[in-house]
Amino acid sequence: MADWRPACGLQQLRIRAQLLAETRRFFADRQVLEVETPLLCRATGTDPQLDFFTTAYHAAPYRRTLFLQTSPEFAMKRLLAAGSGSIYQICKAFRNGESGRLHNPEFTLLEWYRVGYELPALMAEVALLLQTLLAPACGELAVRPVGYRQLFLETTGLDALQFGLADYRRYARESGFAEAADLCGDEPGLWLDFIFSHCVQPAMAGNLIYLVHDYPAIQPSLARINSRDPRLAERFEVFINGIELGNGFFELADALEQESRFDAEIACRRRQGLADVEKDGLFLAALQAGLPACSGVAIGLDRVLMLAAGVAEIGGVLAFPVANA
Amino acid sequence: MAIYSTNEFKGGLKIMLDNDPCSIIENEFVKPGKGQAFNRVKIRNLKTGRVIERTFKSGDTVESADVIDVEMQYLYSDGEFWHFMVPETFEQYQADKNAVAEAIKWLKEQDICTMTLWNDAPLSITPPNFVELAITETDPGLKGDTSGGGGKPATLETGAVVRVPLFIQIGEVIKVDTRVGEYVSRVKD
């Protein structure tokens, strides 16, 4: 039987409380409004890479399926479309099947949206928040903004925007990842995920905030495509010590484009035999009504806490990880 | 044969990989927030003892390996094979040089050890963590030196050689940690 006692020490609970208070102060100082949106949702994301939890809601005599959110993105964008202005939320998000050194199926997200911000302004704010939160543990962290293509090239010598199967295979084999050829086949997106997570992230310098921007447009998700270079998405990710902490977009506001991305993802789910999902009609309606120009980002707070507490596993900062929840 | 998905991978699970039986040491879940999930798995090849790392796509499956550990008594060697017996059933197994490898140097006849069987054939043996063996050969030590500093080689009754403190004499029984191959203490009668 699992132990009844908390997995993390009381010190980690205190650091978490400090981190939450510090985060709320940071946004209060900047007049960003704290909001709450439902964890139980009538629709969920269509991303084929995300598995979700399904619950049964009993409103006798009816039963309805409600999903635990994988991210508060759709609901927060409905608030933005309704004129909320800049908002943030600290909430639980749920991702089925994700468990490991850096993953717990239930985790804490900090998500915020800045109306009128272009991506560089939001990236600067992300860096400032992390510097503030991690100052007691890590001192003054330096920041390195770098393009995805540049970082990829520096580490691997490969061009992330110019996929060449033979080069990618050779690089993987020479780096001790012969299996990549079988796993990734001839899918450029898979190759990028593989090489980035297995080679680029581990090679990142320590104690430095990496703001990796201009992701390849292969998987834009909910980011706007760069108007000057359609090979790029207006997306960035933030890393410290090779650990992915968050992901940000200049938000796609085009309802038609969003719907066609949903359709493409739903088609992909069908091909892979994954559970069928419905498009979130209320979210699409909000986009039709008009999403203000904005940038948004989601940060995994438990991982920030790992850095603040000097802990190598997410289980070390959670009172009750899934194994003894 | 059972099939395991990467979601079931955990330390100690026995799987087939490249036609060899392997044991999982560590399983790290690697997943970008947006993108493909992988499992980076540290695996020991049970035939060669080599540890390798291999990445799987999360959700991929592999065959289980029919590998079990059985307590056995070492009986004797006929020069070509080493013979072992399951004490409860008297069932006997003969292991070749590859299977007994270095481990046999810690065992004398009648000793109990663990044999790993793959499809009911000997794959490897593991001696107890600590064994007690008599010394058959070592240089005479200096009387009065009990510090244990320095040390000297000593040959044990099984043929294994370990470093022992200078005061240890031929005929004495010592306790050895087989995992590191090091002297632990003198065994008093």
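Mentor: Start with the division. Chain A splits into domain 1 (10–141 + 207–324) and domain 2 (147–204). This is a predicted model. The C-alpha centres of the two domains of chain A lie 26 Å apart. Their contact draws eleven residues from domain 1 of chain A and twelve residues from domain 2 of chain A.

Look at the domain 1 side. Strand 8 (residues 208–216) of chain A gives the most to it, with six residues. By class, this side of domain 1 of chain A has six nonpolar, three polar and two charged residues.

Stay on strand 8. Asp214(A) sits in this strand of chain A. Its phi is positive, about 55 degrees, although Asp214(A) is not a glycine.

Now the packing. The largest nonpolar core has 93 residues. Val126(A), Leu211(A), Leu301(A), Val304(A), Leu305(A) and Ala308(A) touch the most other members. Helix 3 (residues 119–138) of chain A supplies the largest share of this core, eight residues. Where does the core lie relative to domain 1 and domain 2 of chain A? Both domains give residues to the core, so it lies between them.

Take Leu305(A) from that list of core members. Set aside its neighbours within four places in sequence. Leu305(A) is then in contact with Ile15(A), Arg16(A), Leu19(A) and Val317(A). A second, separate core has 24 residues, among them Ala95(B), Leu107(B), Val162(B) and Ile174(B).

One more backbone point in chain A. A cis peptide bond joins Ala60(A) and Pro61(A), with omega about 5 degrees. Pro61(A) is in the loop between strand 3 (53–59) and strand 4 (62–68) of chain A.

Chain A also meets chain B. Here 15 residues of chain B are in contact with 19 residues of chain A. On the chain B side, strand 3 (20–30) and strand 5 (51–57) of chain B are the elements that give two or more residues. That side of chain B divides into five nonpolar, five polar and five charged residues.

Chain B has a positive phi as well. Asn119(B), a residue other than glycine, has phi near 50 degrees. Asn119(B) lies in the loop between strand 10 (112–118) and strand 11 (121–126) of chain B. Asn119(B) is exposed, with 10 other C-beta atoms within 10 Å.

Key
Residues numbered from 1 in each chain as written. Chains lettered and ligands numbered in written order. Predicted model: local features only at pLDDT ≥ 70, side-chain atom pairs only at ≥ 80, totals over all residues. Core = buried A, V, L, I, M, F, W, Y, C linked by C-beta atoms within 7 Å. Buried ≥ 20, exposed ≤ 12 C-beta atoms within 10 Å, placed from the backbone. Helix = DSSP H or I, 4+ residues; strand = E, 2+ residues; numbered from the N terminus. Domains from an automatic or database assignment. Contact = placed C-beta atoms within 7 Å. Nonpolar A, V, L, I, M, F, W, Y, C, P; charged D, E, K, R; others polar.
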